[in-house]
Amino acid sequence: MCTQGLDQPRTLAAEDVSARAEHFEARVAAEDKIEPPDWMPDAYRALLIRQIAQHAHSEIVGMLPEGNWLSRAPSLRRKGILLAKVQDEAGHGLYLYSAAETLGVTRDELVDQLLAGTAKYSSIFNYPTLTWADVGAVGWLVDGAAIMNQVPLCRCSYGPYARAMVRICREESFHQRQGFELLTVLAQGTPAQHAMAQDALDRWWWPAVMMFGPPDSESTHNDRSLRWKVKRFTNDELRQKFVDLTVPQAQFLALTVPDPDLAYDGEHWRFGKPDWSEFKRVVKGDGPCNRERLVARRTAHEDGAWVREAAVAHAAKRVLV
Amino acid sequence: MGDHEVEALLRVADSCLVLAQRLTGWCGHAPALEEDIALANVALDVLGQARGLLTRAGELEAAGRDEDALAYLRDAPDFRNLLLVEQPNGDFAHTMLRQFLFDAWAVELWPELASSTDPVIAGIAGKAAKEAAYHLRHSAGWVERLGDGTDESHRRMLASLEDLWPYAGEAFLDDDVDRAAAEAGLAPLPSSLLAGWRARVEAVLTESTLPVPPDPWWQRGGRQGRHTEQLTRLLAEMQVVHRAYPGARW
């Protein structure tokens, strides 16, 4: 565990805290990167730990819905692509847990929170992947929405997170294109394949639109996040960018976006109101797969305990030798 | 190119393919995140080896079958993989021992195939030899850790050894197909790989505080298309989408 930055005296005089806070705010405003040993407000540290951990958990839980199709990929080329993609997600989880550790938490603590159900992860992964086309839809829409969120994070004020995001975004962008390419083949394939692609879009469109979080009017973390340059755009701004970019792609695929209110106003694609009650329900734990996803993670963790213990015991024996 | 040569290639290709299929089952479910990544990596490598060899087998067969036709449209009796690789993942001890027994064979096989008279096979094998060396380091490391770890891990390794050892020797049994392939300079005789394999396996088991079991009756038949009950279920899952849409492109 990295403890840099944790040894700052907790009992700084009020004027010292205020001077440091002022210096911190000035550095953030000047687009300076904050690094692990630097002083930072407790709330900034807590905000980052929460966000980076949620992001890491999302990568790990996100392996499950796509991993569901690894054994059934309909060509060996697709099997390899999907396997490499799911593996990338594990890698993203690893960098992100490492980035979070620079803030003074351990991966074990964060994983325990995930398994206890007290930490959140992206709600989109509580939806099931029902057909092979879902693998394409997840790549195209879910990774597409994730990129919208994540590209600005490459400029996040916290250095380790920003740097982790550079590599993650490159890989996510590749995944998004792979998903789109998969769906292109289906959309231009047999009528049954086209129908499979349309069905996937029907089911994944609204959850993807809701991935950006609640509307700005209801978002609790927007203001502080924006001021500290953790976020660069609001939920609604990112959502609109995503819709503007994605609707023409759906048209290219000759697939219909399941939104009767969708209309181009000359500048933007205006869209209907997402079902926020569904969003809240799934976040609160009543999505189609919430339980299943956590059970899968807990099972892997519990079944793996003896392996991790053996590795530690073996390493200790080797040190003694 | 005779049928024997194609058949000899399928024996290696199918073993890699079936192992890759088994390994994908760990993705997202491994004991540690690092192992999710490592096992996916091994699966990707053996899948790549399978794809190269299946494609080559299809070309040599000259019957118009590509890698997908061979992977998805053959039934179990037409698969030529080792029985070892179709055995279920079981716990992590079973998966790692299966992998180790396979890798210890692969590191003997690929350098020999790298001097195959078929330049395509030689090329695939040259790359695969480097991959297999890494895989062996990984799987042997785990056999040692689990064998000489805790009482529980030792017990689990003993159980996996008991279950898998009878399948370990099939890779070294020669038949007419192997002899024809060896005469053509396409592939080594399986029995010629045994001494190297045995030395390596015995060394690692001993280092792991595990016994080297006596040679049993080696279970056999996979390389001739007579499999265990495991394979049809594995293939049913692997082939289901491909077969549900005949003629579709993916």
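Tutor: A charge sits over a ring if NZ of Lys or CZ of Arg is within 6 Å of the ring centre and within 35 degrees of the ring normal. In this predicted model, local features need pLDDT of at least 70 and side-chain atom pairs pLDDT 80 or more, while totals for chains, interfaces and linings use all residues.

Student: Which ring does the charged end of B:Arg74 sit over?

Tutor: That ring belongs to B:Phe79, and the charged end of B:Arg74 is 4.3 Å from its centre. B:Arg145 likewise lies over the face of B:Trp142, 4.6 Å from the ring centre.

Student: How many salt bridges are there over all chains?

Tutor: The whole structure has 38, a salt bridge being a side-chain nitrogen of Lys or Arg within 4 Å of a carboxyl oxygen of Asp or Glu.

Student: What does A:Arg318 pair with?

Tutor: Its partner is B:Asp148, with the closest N and O atoms 3.4 Å apart. The pair crosses between chains, from helix α12 (residues 305–320) of chain A to the loop between α6 (119–147) and α7 (151–164) of chain B. Helices here are DSSP runs of H or I, at least four residues, numbered from the N terminus.

Student: Is B:Asp148 buried or exposed?

Tutor: B:Asp148 is buried, at 12% relative accessible area, whereas A:Arg318 is partly exposed at 32%. Buried means under 20%, exposed over 50% and partly exposed in between (1.4 Å probe, protein chains only).

Student: And where do B:Glu152 and B:Arg155 lie?

Tutor: Both are in helix α7 of chain B, 3 residues apart, about one turn of the helix. In chain A, a network of salt bridges links A:Glu66, A:Lys85, A:Glu89 and A:Asp143.

Student: Which helices hold A:Trp140 and A:Phe180?

Tutor: A:Trp140 is in α5 (residues 133–150) and A:Phe180 in α6 (residues 159–187) of chain A, so the pair ties together parts 40 residues apart in sequence. Both residues are buried.

Student: What about numbering and atoms?

Tutor: Residues are numbered from 1 along each chain as its sequence is written, chains are lettered from A and ligands numbered from 1 in the order written, and side-chain values use heavy atoms, leaving out hydrogens and water.

Terms used
Helices (H or I, at least four residues) and strands (E, at least two) are DSSP runs, numbered from the N terminus.
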